[in-house]
Amino acid sequence: RSAQLEAEVRELAGSALGNPLDRQRLAEAELAAGAVPVTGPGIVVTVGDAPDATQAKGLVLDSDLSRLVNGLWQAGAESMAINGRRLSSLPPIRAAGAAITVDFVSLSPPYRLEVIGDPGTLPARFNETPAAAWWQFLTMNYGLTMEIEAADGDLDLAADPGMAVRHATSSDEED
């Protein structure tokens with residue numbers, strides 16, 4: 001019901017904007033903020049701890065996930081979620097004891113990243129990033145696992161329930 005009401009509010013807000021360019025800018029801001037659900041083609045990246053991981057080595061760290069996410073953005077990702085938690089510019093990836101949290105929700109390995117973007121170019125472009133070199137180092141030296149595959153059909157990423165565009169100004173009004 002909440003999602004239905006949020007969609008209705010977005011529709012009313014969009015219709016209140018008379019200028020089509022302003023409606024387009026609002027839609028782009030909502031997409032960038034992770035405030036709206038998105039669907040599209042992409043890839044799935046699954047990473048996990050080493051099979052023989054201990055408390056001291058072989059675990060995926062929050063910094064490893066952050067590097068991976070940043071590399072995927074650099075490679076052209078349009079939208080992304082980790083274990084179903086939508087990412088945008090604000091939700092932090094942090095360590096909380098033995099767990100990794102995204103937007104303050106604890107996640108467990110393996111970490112499944114659903115990445116919307118061009119599945120034909122994303123893997124190759126990712127392989128050119130420093131993040132790919134880092135993950136190659138982790139897999140070869142610490143036994144962490146990583147698999148990249150094209151998504152089976154379109155990916156559906158939910159909106160981040162805590163995100164919304166709360167204030168925006170038209171570029172015409174900034175002067």
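Residues are numbered from 1 along each chain as its sequence is written. Because the model is predicted, local features need pLDDT of at least 70 and side-chain atom pairs count only at pLDDT 80 or more, while totals for chains, interfaces and linings use all residues; side-chain values use heavy atoms, with hydrogens and water left out.

The chain contains five helices and ten strands, taken as DSSP runs (helices H or I, at least four residues; strands E, at least two) and numbered from the N terminus. Of its 175 residues, 35% count as buried, that is, under 20% relative accessible area with a 1.4 Å probe, protein chains only. The chain exposes about 10,200 Å², of which carbon and sulfur atoms supply 52%; these areas come from the Shrake-Rupley method with a 1.4 Å probe. Among contacts (heavy atoms within 4.5 Å) between residues at least 6 apart in sequence, 76% join residues at least 24 apart.

Five strands form an open sheet in the order β4-β3-β8-β2-β9, with antiparallel pairing; two strands pair if DSSP finds at least two bridges between them. At the edges, β4 (85–87) and β9 (145–150) each pair on one side only. From one strand to the next, the twist averages 20°.

Within this sheet, β3 (residues 79–82) and β8 (residues 111–116) run antiparallel and are joined by four bridges. Ile-82 has Leu-113 of β8 as its bridge partner.

Helix α3 (residues 62–74) lies across β2 (42–48), β3, β4, β8 and β9. Its direction is at about 15° to β8, where axes are lines fitted to C-alpha atoms, for helices over the stretch in contact, and angles run from 0 to 180 degrees between N-to-C directions.

How values were computed. Buried < 20%, exposed > 50% of the residue type's maximum accessible area, 1.4 Å probe, protein only.
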